[in-house]
Amino acid sequence: MLDDHLVVQFLRDYGQETLHTINFMEYPWETLIRQSRRVNLLSRIAFFLRELELLDSVPEQPRIHFINSIKLSDANARSAKVEVKAIHKALSAAEVDFVLLKGAAYVWSGVDAGKGRLFTDTDILVTKETLPAAERALAHNGWFTSSLDRYTQQFYREWMHEIPPMTHLKRQTTVDVHHTIIPPTSRLKPKPTKLWQQADAMQNMPGLFVLSPIDMIIHSATHLFHEGEFDQGLRDISDLDLLIRQGVVSEDKWQELLNRSEELDLVKPVYYALNFSYKILHTPVPDEIIARARKLSKMSYVSSKMMDMLFSRALATKHETSPVKGQGFARFLLYIRSHWLKMPVHLLIPHLCRKSWLRLTGQKDH
Amino acid sequence: MFNIAVASNIFAVARHLKHFYADYTVNDSGDFTDLYVEVKAVGGLRRFYKPQVTFTFDGYEPFAPLPLNQAPAMFEWGLNWAIANTAHQYLIIHSAIIEKDGYGLIMPGTPGSGKSTLCAALINRGWRLLSDEMALLSLDDGLIYPAPRPVSLKNKSIQIIKDFSAEAVFGEVVPDTLKGDIAHMVAPESALLQQSTPVKPAFLVFPHYQDNAEKQLKQLPKARALMTLAEHAFNFNILGEEGFDAMANMIDQVECYDFTYADLATALEGIDSLVK
């Protein structure tokens, strides 16, 4: 079902370096633009076209949309850099080290996954010990926790891997402060200290780190396949595709990726990442590596088939130009699953009941 | 110019399009469409209890749903949003833009300044409408491009303009929107006939309506004008340096004024005197 999606086809062509062979005059640009705008990939696609010096071959009307979307991601990167500098200034004064995560990390460290990447919030990781100091330092410099109700505040602080989002009073930008990468109540138990050990220090910015290239892949995989939010799913798969192509270039590196996912107790999400990135975007992952990852994840044949079915529906781009049967239901099941993975039953049931009640009664849901 | 596709299941939206866009060009099916927008009634039980309308642009819903009777207004607001968020080949300034004898006049306005009222009056007195909402300043040639659409008027302004001009054609008044009572006025014929002709900006006028004030046209220092205008630009931060340069170049070329007025007749005199 993914093969029909123009944006998927386009990303595959980029990966296989066959983009220059498409028929630029006859190409359905309008559909590509609409589909990719829907999944937040328009800027990235435009970036690829510019990188390959193909923009001038695109007819004028669609070309304008591509150029404009590059302006958007350039602006996004500019303001992200301002933001990271401000966070760094606040935290280094309090002697708190931090790791940039996701979009901000890709853009800041200049990896391929930063190409045309749009994001709104800056995600950072601090150690659990420095969390109170980090929160104080940010609050002193203008970031405040938005007014959440007491349940939500407490829910975050007791059970989550991050504190409630902090928004800057003047710039209205948001920083998400994490102390580990998945909720501590999850069945999988990655140790954040292990991520710190291999994090790369950024030049000229003492105390600022990004994850090692291998850990970036593992974290991106974990974020997508553990969190249950698939609206940006294809964008996230494209991130993974770019991270893998850039970071895993030899047999040794494949081995390192598998070993490291075992060490971090995150084999399952990594297996999904390798499998789906290969299936959807034809990322060059050797069959043998996927098989080994599946074996390491200890999944049964049946459950891997079932997850396969659910994820491929959930990850498809939903757009009127390419409807996906059963996507809503698949995403619903995966949403339930993500909660199941994150919380023991005695926490999960009351939490979901509360959420349903708020939704039914039309109150705001966080 | 933008090619727009609209999908709607609301009769009032169709009627709005027929009333206000009857003379616009209809594209061929093969033409490139810039923006697809949807204005749809919310389904389910909502249909029976306080029915609502949503605006969607390629999957994005920038606004919370509104009461169904505001559907046509939501279409206009939504389209403004979609243009302001995608057309970065222009520096987009939240302002009215009109033209007479080749002189472009940019009139940004804070709420209550009377921008829309002045704009509606002037285009019924020989000025050409480019837009009552957004000036599209091209980053390539420094000219302002037209995007003529129905003119939106609020509250008392609706009656003022109806009294002012017998020829002005209005739609229905929609009461109690977020912006108060609103009504749209059909864009004058001249606006459509010249919709492909950009103008060179010549004047930048910040209007200030003030009860019982003496009419006053006061020159504004250019640096001040630039700082103020920057706050009216939708995509200033997205365009960065390119946007700053475009705005600075424009400010260099235009005469900048603060304009205080108390009634429409003297206001029109004041503005007309600029091009004489």
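Mentor: Two strands pair if DSSP finds at least two bridges between them. Keep in mind that this is a predicted model.

Trainee: What is the order of the strands in the open sheet of chain B?

Mentor: The sheet is open and has four strands, with mixed pairing. Strands of a sheet pair through backbone hydrogen bonds, either parallel or antiparallel. In chain B the order is β1-β2-β3-β4.

Trainee: Which strands of chain B stand at the edges of the sheet?

Mentor: An edge strand here has a single partner strand, so one side of it is left without a neighbour in the sheet. In chain B, the strands in that position are β1 (4–8) and β4 (66–67).

Trainee: Which residue of β3(B) is the bridge partner of B:Lys40?

Mentor: Strands β2 (residues 35–41) and β3 (residues 52–57) of chain B pair over five bridges, in the antiparallel sense. In β3(B), the partner of B:Lys40 is B:Thr54.

Trainee: What angle does the direction of α2(B) make with that of β2(B)?

Mentor: Helix α2(B) packs on the sheet and touches β1, β2, β3 and β4 of chain B. Its direction and that of β2(B) make an angle of about 150°.

Trainee: Which helix gives the most to the side of domain 1 of chain B that touches domain 2 of chain B?

Mentor: Domain 1 of chain B covers 1–86 and domain 2 covers 89–276. Between them, 14 residues of domain 1 of chain B are in contact with 18 residues of domain 2 of chain B. On the domain 1 side, α1 (11–21) and α2 (71–84) of chain B each supply at least two residues. The most, five residues, comes from α2(B).

Definitions and conventions:
Residues numbered from 1 in each chain as written. Chains lettered and ligands numbered in written order. Predicted model: local features only at pLDDT ≥ 70, side-chain atom pairs only at ≥ 80, totals over all residues. Domains from an automatic or database assignment. Contact = placed C-beta atoms within 7 Å. Axes fitted to C-alpha atoms, helices over the stretch in contact; angles between N-to-C directions.
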